[in-house]
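Good morning, and thank you for making time for this presentation. Please have the sequence and the three-dimensional view open as I go through the local features.

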Amino acid sequence: MPQFILLSVLLLVTTAAQQLTSPEGEENEVLQSTEADLVKDQIENLIGNLSGPNTRHTPTMATFVTPTTLSQVSTATVSLTSNTATSQAPTSVAPQLSSLAPQCPGNLVMLEGSSACGCPSNMLKIGDNCTCPLGFSLVGRAGCKDVDECREEAPCGPHANCTNTPGSYSCQCHRGYLAGAGGCQDVDECALAAITGLRACSGNVECANTQGSFSCFCPMGYVLSPNGDNCDDVDECTTEELCRFQLGKVCVNTAGSFFCQCRPGFRTEATSCVDLDECSDSPALCDGRGVCENTFGSYKCVCPAGYRGNGTHCEDMNECALAAHGCDVNARCGNIIGSYFCQCYQGFNGDGYSCFDIDECAVSNGHCEHNCTNEPGGYSCQCASGYQLKQDGHGCTDVNECLSQNGSCAHFCINNLGSFQCVCRPGYQLHIDGHTCVDIDECKLQNGGCSHTCSNSEGGHSCHCPPPLLLNTDNLTCSNVTSCKLRNGGCNHKCITRAEGHIQCSCRSGWKLGEDQRSCLDVDECGDFTNGGCEQLCENHPGTFNCTCREGYQVQTDDLTKCRPVCDPPCRNYGICMAPNSCDCPPGYPGLGCSAMCSPPCAHGGTCMRWNKCLCPPGWSGEGCHTAMCELPCANGGRCVGPDTCQCPSDYTGSQCLLPLCTPACQNGGRCVDVNKCTCVRGWQGARCQIEPVQCQKPCKNGGVCEGLNRCRCAKGFTGSFCETAVTTPCVPPCRHGAICGPHNTCTCPEGTAGLRCERLTCPVVTTVVSMARAVRKAFKESYVDRCGPFGIQLCTKYRMNQARVYLQAYRVGYKIQCPERKGR
């Protein structure tokens with residue numbers, strides 16, 4: 001019995017060792033134990049001790065084995081019989097007798113080679129009966145069949161595999177379990193690793209036991225690294241706003257966690273952050289005229305009303321120039337330091353903010369000669385009709401209406417004092433409206449002086465003679481024609497005098513003589529059947545004609561009577577225009593005007609050569625020049641859309657889409673090193689490098705306090721990044737001639753200058769006492785005051801005062817200073 005217990009323990013250890021050396025755990029030190037060989041030797045020795053003769057009938061036992069030791073352990077499975085100990089039971093028992101002896105009692109059989117009754121060697125004899133050993137069942141009279149114990153209901157338990165053996169069975173525990181007294185029990189790999197000093201999970205990864213296995217996990221605040229060897233800290237401050245920045249808090253990451261603290265400009269009260277009122281705590285934060293205004297988490301300096309600037313330096317705001325005043329439209333705005341004033345214009349009364357018009361015409365008619373009209377802010381004088389206002393704005397003078405549009409007269413205008421008169425040309429008379437001129441019909445008055453026929457015309461008339469009489473040079477009488485000298489003999493074109501005073505008229509080419517034998521009529525060359533010799537159209541003109549063409553044709557340059565068709569666009573590539581807009585094109589150029597045609601059309605400026613062949617510009621290729629070419633390939637899923645132009649996905653940019661994008665962008669000098677991953681510089685933190693570090697490379701000077709990255713909050717009177725510069729507030733208006741601006745907007749004037757802004761140059765003051773004994777009578781003072789003389793020269797004038805006889809004597813001395821207000825004139 002002690003040997004059996006030892007065997008069970010060794011089998012359990014062997015099973016654990018085999019499971020820990022499975023291929024799935026090759027990378028785990030806990031699963032790399034090499035104790036299986038030692039256990040194997042111990043089991044073989046034990047089996048050798050147990051395989052000796054045993055006279056006791058012991059039931060066959062199920063054994064727990066592992067795959068690697070199953071062959072060895074199966075030989076240790078022992079079936080004990082009454083006189084024989086065999087290492088392996090037969091699968092079936094066949095009768096060993098050639099014939100049954102009817103005289104044998106029970107199921108005994110006649111033994112082979114003997115006359116005695118008995119049982120086969122693999123069966124047990126109990127009385128007069130043969131029985132099968134444990135693990136076998138009786139078949140027929142003298143046969144044994146192996147019993148499959150694994151078909152029974154879970155003989156090995158829920159965590160083991162059952163394997164049938166002759167006369168018995170064996171149990172194999174699942175991976176992660178060890179055989180024990182109560183069956184297969186879970187192996188706690190995490191506890192085993194802690195006891196043996198081996199590794200279950202690498203690095204700082206924690207181990208958790210599970211039924212039949214274990215798992216590695218990271219504690220809260222950590223995440224498993226990509227290679228699975230370690231736990232990396234989770235920066236909670238980058239994933240979401242946990243501390244509510246808008247309430248004055250900022251998130252600070254720690255190993256495995258984070259905490260919230262108040263950001264600069266806030267103080268901690270209980271569990272919340274309260275805004276600091278810097279203006280109340282430090283009333284002198286804003287120098288000069290600046291006024292401190294508290295803001296959420298900070299403060300700002302602003303200029304008071306009437307001033308402008310950045311809050312640190314404020315200067316007077318000219319409300320008048322900036323139109324930031326409330327003066328009436330009829331008032332003048334005047335700027336003063338820190339404010340302004342309003343004054344009504346002349347002709348208005350009021351306080352400047354509201355101005356009312358004065359009626360000047362109510363007093364003495366505004367001194368106007370004729371009429372006075374009141375206007376907003378003033379008045380105006382008007383003259384009566386026919387007069388105009390003099391330059392003094394009050395008197396009136398006559399208007400020469402004839403100088404402006406001829407006084408609206410149809411013909412002539414004559415100016416009168418205060419008026420004008422219209423006069424008509426000869427042949428016209430003035431209409432009743434005084435401006436229009438109407439024609440006079442002279443033929444109604446003595447026939448216009450004509451000897452024969454009179455015909456009236458606009459503004460005149462003309463006389464006519466019946467044939468063959470001709471109008472004389474007086475244009476009134478008629479006489480007989482005997483010579484070409486009088487009015488060309490009445491001929492239109494040519495006149496010839498023949499014998500006996502006869503006149504013969506003739507016409508130029510393209511004309512023909514009329515029925516009166518004097519006038520010339522145009523010959524219509526296009527009217528006969530020849531059409532003037534024109535191929536298409538003939539156009540007649542007085543004395544001549546010309547040939548034209550129908551629409552779509554034009555006259556040939558070498559023959560003006562013939563027409564040729566016109567093609568628009570013109571036929572190219574050696575095509576011939578056969579009819580209007582119809583070209584006879586050579587092969588390969590079927591397009592309009594014998595142009596080449598490509599389908600699809602050549603895009604991006606490509607030229608169609610012929611028969612769907614495009615000559616593509618640089619950067620394009622393929623059918624129809626639609627394929628863009630990029631010398632350098634587009635990366636990260638980018639697409640070439642133009643010559644050396646990549647269309648990048650939303651997460652990348654650059655000429656080749658190699659530069660990752662961070663959305664929103666990295667701030668404060670941070671660099672985007674991967675999609676939405678920023679690398680911060682100079683101590684900035686946060687997902688987008690938005691959290692400013694409180695770090696100053698140089699110490700803040702003059703009592704300043706570091707409140708950001710190289711940013712100091714300066715004490716009163718200092719400014720600059722590190723409070724290294726003293727604040728000097730300029731005077732308004734500025735000091736002149738090198739004067740220094742002092743407190744309360746006052747100037748400290750150097751010697752030789754004077755005035756509120758040291759704008760005046762002065763001469764040195766000299767006081768001389770001649771006699772102390774007679775000082776009462778003859779002591780005198782000499783002093784010098786500045787005077788600007790002509791030509792821009794400032795001369796010092798010396799005044800002498802005698803106390804006995806008070807007189808004033810002035811004379812020039814040699815101090816000469818250029819007057820600043822006249823400099824350069």
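Let me begin with a question: in which loop is cysteine 594 found? Cysteine 594 is found in the loop between strand E51 (582–584) and strand E52 (607–608). Strands, labelled E and at least two residues long, are DSSP runs numbered from the N terminus, as are helices, labelled H or I and at least four residues long.

Before I continue, a word on the source. This is a predicted model, in which local features need pLDDT of at least 70 and side-chain atom pairs count only at pLDDT 80 or more, while totals for chains, interfaces and linings use all residues. Residues are numbered from 1 along each chain as its sequence is written, and side-chain values use heavy atoms, with hydrogens and water left out.

Returning to cysteine 594, its phi is near 60°, a positive value in a residue other than glycine. Cysteine 594 counts as buried because its relative accessibility is 0%. Here buried means under 20% relative accessible area, exposed means over 50%, and partly exposed lies in between, with a 1.4 Å probe and protein chains only.

Alanine 323 also has a positive phi, near 55°, and is likewise a residue other than glycine. Alanine 323 lies in the loop between strand E25 (314–316) and strand E26 (331–336). With a relative accessible area of 61%, alanine 323 is exposed.

Staying with the backbone, I turn to the cis peptide bonds. The bond from aspartate 568 to proline 569 is cis, with omega near 5°, and proline 569 sits in the loop between strand E49 (563–565) and strand E50 (576–579). The bond from threonine 663 to proline 664 is also cis, with omega near -5°; proline 664 belongs to the loop between strand E59 (659–660) and strand E60 (671–674).

Next, the aromatic residues. How many aromatic pairs does the structure hold? It holds 1 aromatic pair, formed by phenylalanine 266 and phenylalanine 296 in an edge-to-face arrangement, 4.8 Å centre to centre with 75° between the planes. For this term, rings of Phe, Tyr and Trp (its six-membered ring) pair if their centres lie within 6.5 Å; planes under 30 degrees apart count as stacked, over 60 as edge-to-face and the rest as tilted. Phenylalanine 266 lies in strand E20 (residues 266–269), whereas phenylalanine 296 lies in the loop between strand E22 (291–295) and strand E23 (298–302), so the pair ties together parts that are 30 residues apart in sequence. Phenylalanine 266 is buried, at 8% relative accessible area.

I now come to the salt bridges, of which the structure holds 6. A salt bridge is a side-chain nitrogen of Lys or Arg within 4 Å of a carboxyl oxygen of Asp or Glu. One of them joins arginine 267 to glutamate 269 at 3.0 Å, N to O. Arginine 267 is partly exposed at 37% relative accessible area, and glutamate 269 is partly exposed at 35%. Another links arginine 308 and glutamate 315, with the closest N and O atoms 4.0 Å apart. A further bridge connects arginine 711 with glutamate 707, the closest N and O atoms being 3.1 Å apart. Through shared partners, salt bridges join Glu692, Glu707, Arg711 and Arg713 into one network.

Finally, the nonpolar cores. The largest has 11 residues, including Cys104, Leu108, Met123, Phe136 and Cys144. A second, separate core of 8 residues includes Tyr169, Cys173, Tyr177 and Cys184. A nonpolar core is a set of buried Ala, Val, Leu, Ile, Met, Phe, Trp, Tyr and Cys residues joined through side-chain atoms within 4.5 Å.

Phenylalanine 722 counts as buried, at 15% relative accessibility. Its C-alpha atom is separated by 7.2 Å from that of lysine 698, 24 residues apart along the chain.
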